[in-house]
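My entries follow the order in which I looked things up.

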Amino acid sequence: MPGLEDLYREIILDHYRNPRNRGELDVPPAVRVEGFNPLCGDEIVLYVQLDADGTVDDIRIGGQGCSISQSSASMMSAAVKGRTVDEIERLTRAFKSMMSIHESSLEGAEHDVDDEVDPVDVKLGDLEALRGVVKFPVRIKCATLAWNTLSQAIDEASGD
Ligand code: ZN
């Protein structure tokens with residue numbers, strides 16, 4: 001029986017080698033947003049298309065970088081496709097809280113600590129595989145790059 005860490009490593013490598021939702025979308029109707037993590041040199045080019053109800057109709061990812069950044073982007077894309085903006089916001093906060101980033105310490109945060117996500121409410125699935133990254137603080141930005149880029153893309157797509 002492989003240990004949990006081996007399983008997590010396998011999931012990360014699988015997403016790195018076989019990235020989900022790789023490619024581009026037409027802009028418009030999609031929005032295109034680039035994210036960059038200068039600490040590691042990771043780049044993510046994100047295409048997001050929302051439908052009229054605020055659901056992610058389609059998402060595509062380009063870019064390059066370390067295995068953590070690229071596998072995190074692949075997992076993120078699989079996790080948010082078909083979800084509403086509200087669900088994605090909860091998922092983003094659950095993911096960041098797993099990465100030990102607390103919303104109250106984020107720049108421009110509008111929610112206070114009382115508004116915390118109910119952890120039972122949100123299933124992280126494969127994203128749990130990135131839990132180990134928290135032990136390597138310098139890599140946390142690699143793991144969160146895709147999510148920060150997604151928040152930017154959703155803001156743009158919703159016309160905020
Ligand atoms: Zn990286």
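The entries below go from the overall layout to single residues.

**Ground rules.** I am working on a predicted model, in which local features need pLDDT of at least 70, side-chain atom pairs count only at pLDDT 80 or more, and totals for chains, interfaces and linings use all residues. Residues are numbered from 1 along each chain as its sequence is written, and side-chain values use heavy atoms, with hydrogens and water left out.

**Layout.** I took helices (H or I, at least four residues) and strands (E, at least two) as DSSP runs, numbered from the N terminus. The protein chain has four helices and three strands, in the order α-β-β-β-α-α-α from the N terminus on. I looked up burial next, where buried means under 20% relative accessible area, exposed over 50% and partly exposed in between (1.4 Å probe, protein chains only). Of the 160 residues in the protein chain, 41% are buried. For contacts (heavy atoms within 4.5 Å), I looked at those with a separation of 6 or more: residues 24 or more positions apart account for 66% of them.

**Zinc.** I asked which residues coordinate the zinc ion. Donors are N, O and S atoms within 2.8 Å of the metal (3.2 Å for Na, K and Ca); water is not among the atoms, so sites may look incomplete. Along the chain the donors are spaced C-x1-D-x23-C-x75-C. Cys40 is partly exposed because its relative accessibility is 36%, whereas Asp42, at 0%, is buried.

Leaving out residues up to four places away in sequence, I find Leu130 touching Ile12, Ile68, Ser71, Ser72, Met75, Phe95, Met98 and Met99.

**Aromatic pair.** Rings of Phe, Tyr and Trp (its six-membered ring) pair if their centres lie within 6.5 Å; planes under 30 degrees apart count as stacked, over 60 as edge-to-face and the rest as tilted. I count one aromatic pair by this rule. Phe95 and Trp147 are stacked, at 5.1 Å centre to centre with 25 degrees between the planes. Phe95 lies in helix H3 and Trp147 in helix H4, so the pair ties together parts 52 residues apart in sequence. Phe95 is buried at 0% relative accessibility, and Trp147 is buried with a relative accessible area of 0%.

**Backbone.** Most residues other than glycine have a negative phi, and most peptide bonds are trans. I noted a cis peptide bond between Val27 and Pro28, with omega about -20 degrees, and another cis bond joining Pro28 and Pro29, with omega about 15 degrees. Pro28 lies in the loop between H1 and E1. Asn21 has a positive phi of about 55 degrees and sits in the loop between H1 and E1. Ser100 has a positive phi of about 65 degrees; its place is in the loop between H3 and H4.
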